[in-house]
Amino acid sequence: MEIGSLVEQCDGSAVRRVGTVRALDEKEVLVEWEGGENEHLPVPVPKTVRTLVPGTIRYKAATDVATLQSEFESDPVKVLVELLRELRKPVTIAALREHVENLGIVAHMFVDEWSHVRPLLLSHPDVRPASKGGVRWGGDGSGPRVSRREFSASEALGELASKSRKTKDARQSLSDTVFAGLDELSPYELLAAHELKVPVTEWPQRWREPRPEHVTEEVRLIAVEHIIEMSRARSRILFPGTEPNLIERKAAEIPLSLELLPLLVPLAAMPASSFAADKAAKALSGEYAWNALRAGMEYFEQALSASSGSEDTPDPEELLAPLSTRARELLKRVLTRRPKKDDFSWLDFAEEMAFRACALLADPRIQEQPNGLVREWAQYVADHPDIPVKLREAARAAQAAAVAEAADAVEADGTSDGERTKEGREAEAVPETPTVAADETETAGVEDGGDADAEAEAGEADTVEPVEAVIATDEPPQNATEDAPDETPEAAQEPERDPQAEIEVLKSLLEEERSNTEAVRAEHKRERRSASDALAEAEAAANRLRLRVVDEEKRRAEAEARAHAAEAERESAQRDLEEAAQRAEAMTRQLRRRDDELRQSRQTARGASQAQLRQARIDTLRVLAAVLAEVADQAVHEGEETGPANALYRRVLARAAAAGVLDIGVLGEETDYDPVVHRAPGGPAARVVVERPGFVWQGPREPGPVVLEQAIVRGVEQ
């Protein structure tokens with residue numbers, strides 16, 4: 001529905017009235033019905049209000065019923081078949097006749113022949129018999145003249161979209177098949193059918209999940225071009241009184257609740273090579289382009305986890321080549337179009353892309369494919385010069401932290417294996433070492449006494465070396481302890497280091513630092529969004545206040561102008577009323593004198609003929625009619641039914657009625673032109689509107705009314 005669209009309001013199967021959309025927004029639609037009545041309808045509009053699709057029978061009935069009447073008189077079966085096609089449900093002949101009459105078609109040629117209509121309709125290949133003596137539209141285009149295999153709606157649409165030559169009957173048959181299965185079509189197929197002039201009488205409340213990979217390339221291309229064209233038509237401003245063109249009328253058939261540009265997002269992010277996808281990517285901008293790049297990034301992230309199942313299965317990265325080229329061009333265009341004001345959303349998008357790219361580069365699996373498309377794409381995004389330096393540095397820092405974490409995890413796994421090997425070797429050496437060390441210590445204590453302690457303290461640093469040498473060379477521990485008999489107890493008392501515990505501590509510290517960084521970043525984002533929202537709200541409030549002040553000033557100026565104009569009109573009407581009252585009194589006195597003269601003439605001239613008396617009465621009444629015409633003029637210009645001029649006109653008209661003088665025509669009444677009772681200063685017309693009533697005299701012995709004063713009329717504007 002768009003400004004300028006025709007709509008109809010139905011009461012059951014009958015059309016109550018037809019109107020034109022004059023204004024619309026997200027909440028309501030302003031419809032001007034026939035007769036000038038304006039009505040505000042909520043969005044979505046009630047089910048009783050339907051948009052008239054150009055080319056349909058209902059549209060013809062609302063715009064040019066005379067042409068439809070002539071078509072019905074020349075070929076009634078063709079019109080009835082088209083009506084059955086639009087109804088899409090079984091109907092009886094009586095119900096079909098009622099539909100025809102509700103459309104304003106006069107079926108006088110078939111008043112006595114409706115019983116023969118059903119066989120004529122059933123002779124059409126697309127009309128089928130129904131229960132209770134009714135008929136229905138076949139819808140699938142099958143019939144005696146169709147010999148090829150039946151298509152589904154999607155297959156028929158693909159055939160219709162192909163560039164192969166088709167006869168008119170073949171195209172009509174395919175179009176009927178698509179029309180019969182509109183409910184089965186995807187959003188892209190439905191829009192392509194709309195572009196290929198398949199009548200879409202009912203649109204869904206919302207789109208199904210778009211899956212462009214399940215649609216043929218021809219249909220995708222038609223759908224993309226139609227979406228771009230309809231979106232441009234929607235964005236145009238149609239001023240009141242301006243007739244919409246063909247494209248704008250076609251765009252008005254699609255409900256505003258169905259957004260079109262979001263359908264291009266999955267198309268642009270499709271990995272397959274497609275000219276339609278390339279065209280969709282070029283048409284996207286702003287949030288829609290960002291969403292397409294986000295969806296494309298998901299495909300690259302999924303490619304790391306996917307692996308070919310066999311040699312015949314293509315490498316997942318090879319399938320991303322078209323998407324890589326398309327995404328590079330789209331990313332370059334999006335990043336170079338940074339908003340000059342309120343760029344917080346753009347910064348969030350750039351930050352997200354940089355972090356996701358660096359996360360891909362930090363993934364250990366990407367090292368297995370140093371020249372892969374995923375790595376090239378991630379490196380292209382991470383090093384893009386249009387992404388702010390701070391965002392790239394933050395993303396690289398996160399990448400380095402992720403790489404360090406992965407290295408720590410690998411080192412931790414290696415260290416734990418080494419520790420387990422070392423402990424096993426020490427367990428093999430432990431049974432012999434303590435015995436020899438104890439014997440040597442006892443002997444040294446007897447011979448040297450207190451000097452052993454001093455020597456142990458002086459050679460503390462040398463005690464570790466023999467032990468490590470013993471473990472490394474697998475030599476017997478007795479030879480190692482003979483050179484330093486007093487140092488074994490000191491070495492046994494030294495605490496051992498736990499590398500695994502240290503790694504765990506470092507990992508916990510790194511995790512804590514990372515969580516703190518994420519919290520700070522999230523808080524920064526929230527504050528930035530809050531500031532942006534507050535600024536936008538303040539600007540919106542200022543704009544609303546400014547517009548309100550301007551509107552108030554305009555309304556005050558208009559009110560003052562209306563007050564001055566009303567005062568001037570009131571004074572003028574008062575003066576005219578006083579003059580009219582004076583003229584009415586003068587004419588009344590003149591009428592009385594004429595009546596007196598008439599009586600005298602009757603008394604003095606009894607021999608006068610009845611014709612002369614009649615003419616004299618008519619002449620006298622014409623004077624009265626002239627007075628009534630002047631008073632009627634004042635009442636017409638006064639405009640208010642309760643005004644003094646209208647009150648005077650009603651009183652004078654009531655008195656004139658006693659003499660047999662009656663008014664003809666009502667102000668604003670539309671009627672056929674009659675040269676006897678009408679006077680048209682602007683020229684006669686077939687249909688006229690009464691601007692000032694006329695007056696006639698109906699005598700008791702008169703065969704018909706005598707026109708005293710003709711009514712002033714004007715032609716009806718077409």
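**Buried charges and nonpolar cores**

Aspartate 176 and arginine 85 are both buried in this predicted model. The two residues form a salt bridge in which the closest N and O atoms are 3.2 Å apart. Because aspartate 176 belongs to helix α7 and arginine 85 to helix α3 (residues 76-87), the pair ties together parts that are 91 residues apart in sequence.

The structure holds 33 salt bridges. Among them is that of glutamate 351 with lysine 525, whose closest N and O atoms are 3.9 Å apart. This pair links helix α15 to helix α23 (residues 499-604) across 174 residues. Glutamate 351 is buried, at a relative accessible area of 8%, whereas lysine 525 is partly exposed, at 24%. Both residues belong to a network of salt bridges that also includes Asp348, Glu518, Arg521 and Arg528. A further salt bridge joins glutamate 702 to arginine 614, with the closest N and O atoms 2.6 Å apart. Glutamate 702 lies in the loop between β12 (694-697) and β13 (706-709), and arginine 614 in helix α24 (residues 610-638).

The largest nonpolar core comprises 79 residues, of which Leu293 and Trp377 touch the most other members. Helix α15 (residues 344-362) gives the most to this core, with 11 residues. Contacts of tryptophan 377 include Leu293, Met297, Phe300 and Met353. A second, separate core of 24 residues includes Ala584, Leu628, Ala629 and Trp697.

In helix α6 (residues 153-161), the residues Ala153, Ala156, Leu157, Leu160 and Ala161 are buried. They lie on the same side of α6, because they cover an arc of only 135 degrees around the axis. The buried residues of α6 pack against α7 (168-180), α8 (187-195) and α9 (217-235).

Definitions and conventions. Residues are numbered from 1 along each chain as its sequence is written. This is a predicted model: local features need pLDDT of at least 70, side-chain atom pairs count only at pLDDT 80 or more; totals for chains, interfaces and linings use all residues. Side-chain values use heavy atoms; hydrogens and water are left out. Buried means under 20% relative accessible area, exposed over 50%, partly exposed in between (1.4 Å probe, protein chains only). Helices (H or I, at least four residues) and strands (E, at least two) are DSSP runs, numbered from the N terminus. The arc is that of the directions from the helix axis to the C-beta atoms. Contact means heavy atoms within 4.5 Å. A nonpolar core is a set of buried Ala, Val, Leu, Ile, Met, Phe, Trp, Tyr and Cys residues joined through side-chain atoms within 4.5 Å. A salt bridge is a side-chain nitrogen of Lys or Arg within 4 Å of a carboxyl oxygen of Asp or Glu. Lists of a residue's contacts leave out its neighbours within four places in sequence.
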